[in-house]
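These are my notes from a first look through one chain. I went from the overall picture to single residues.

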Amino acid sequence: MASRCLSEPGVLASVLTALSMRDEDVLRRDAAAGPLGRRLEENEPDAPGRSPLWVAQGAADTLITPRLQRDYVAGVRAGGREVDLVVYPGLDHLSLVQEESPMLPDLLAWTEARLAD
């Protein structure tokens, strides 16, 4: 189950199978309590970053939908951060990051332009 992407249809079957084999609760205490909760708090930024951000979105993504991504970008921009959002028609969650994706050369070009400054 750990090797599957959350967008794969089989991940639900894996989770349900794993849960049905247990005679006890999956979580004995709040998952956000203790060390995990402290680590999550450490990873929460207390201020928006200052460096530019590049966000790529597959227009056919059903896991992270274009609307959800637009809302995220709007929130980051509202905090004063520069964000470039690029939407790729016909690509979904996984095809966006495949080796032949048009996103990869765009990402490299964007990064090189930032480093050149």
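Entry 1, confidence. I am reading a predicted model. I looked up the pLDDT first: the chain averages 82, and 70% of the residues score at least 70. Among the elements, helix α1 (residues 10–20) has the lowest mean, 67, while β2 has the highest, 96. Where pLDDT is low, the predicted coordinates should not be read in detail. I kept that in mind for α1, with its mean of 67.

Entry 2, layout. I found four helices and two strands in the chain. From the N terminus on, their order is α-α-β-α-β-α. The chain has 117 residues, of which 19% count as buried. I also checked how far contacts reach along the sequence. Among contacts between residues at least 6 apart, 60% join residues at least 24 apart.

How do β1 and β2 pair, parallel or antiparallel? I noted the parallel sense, over six bridges. Alanine 56 stands opposite valine 86 in β2. Between the strands the chain passes through helix α3 (residues 66–78), and this β-α-β crossover is right-handed.

I then asked how many of the residues of β1 are buried. The count is six of six, so with buried meaning under 20% relative accessible area, I wrote the strand down as mostly covered.

Which residues make up the largest nonpolar core? I listed seven: Trp54, Ala56, Tyr88, Leu91, Leu96, Met103 and Trp110. Both β1 and α4 supply at least two residues of this core. There is also a second, separate core of five residues, among them Leu53, Val55, Val76 and Val83.

Entry 6, tryptophan 54. This residue is buried, at a relative accessible area of 13%. Leaving aside neighbours within four places in sequence, I found tryptophan 54 in contact with Asp84, Val86, Tyr88, Met103, Asp106, Leu107 and Trp110.

I counted one aromatic pair. Tryptophan 54 and tryptophan 110 form this pair, with 6.4 Å centre to centre and 35° between the planes, and it is tilted. Why does the pair tie together parts that are 56 residues apart in sequence? Tryptophan 54 lies in strand β1 (residues 53–58) and tryptophan 110 lies in helix α4 (residues 103–116), so the pair joins parts with that spacing. Tryptophan 110 is buried, with a relative accessible area of 15%.

I went on to leucine 107, which lies in helix α4.

Where is serine 101 placed? I located serine 101 in the loop between β2 (83–88) and α4. Serine 101 is buried, with a relative accessible area of 4%. Apart from neighbours within four places in sequence, serine 101 is in contact with Leu91, Ser95 and Leu96.

Definitions and conventions
Residues are numbered from 1 along each chain as its sequence is written. This is a predicted model: local features need pLDDT of at least 70, side-chain atom pairs count only at pLDDT 80 or more; totals for chains, interfaces and linings use all residues. Side-chain values use heavy atoms; hydrogens and water are left out. Rings of Phe, Tyr and Trp (its six-membered ring) pair if their centres lie within 6.5 Å; planes under 30 degrees apart count as stacked, over 60 as edge-to-face and the rest as tilted. Buried means under 20% relative accessible area, exposed over 50%, partly exposed in between (1.4 Å probe, protein chains only). Contact means heavy atoms within 4.5 Å. A nonpolar core is a set of buried Ala, Val, Leu, Ile, Met, Phe, Trp, Tyr and Cys residues joined through side-chain atoms within 4.5 Å. pLDDT is the predictor's confidence in each residue, from 0 to 100. Two strands pair if DSSP finds at least two bridges between them. A crossover is right-handed if, with the strands pointing away from the viewer, the path from the first strand over the helix to the second runs clockwise.
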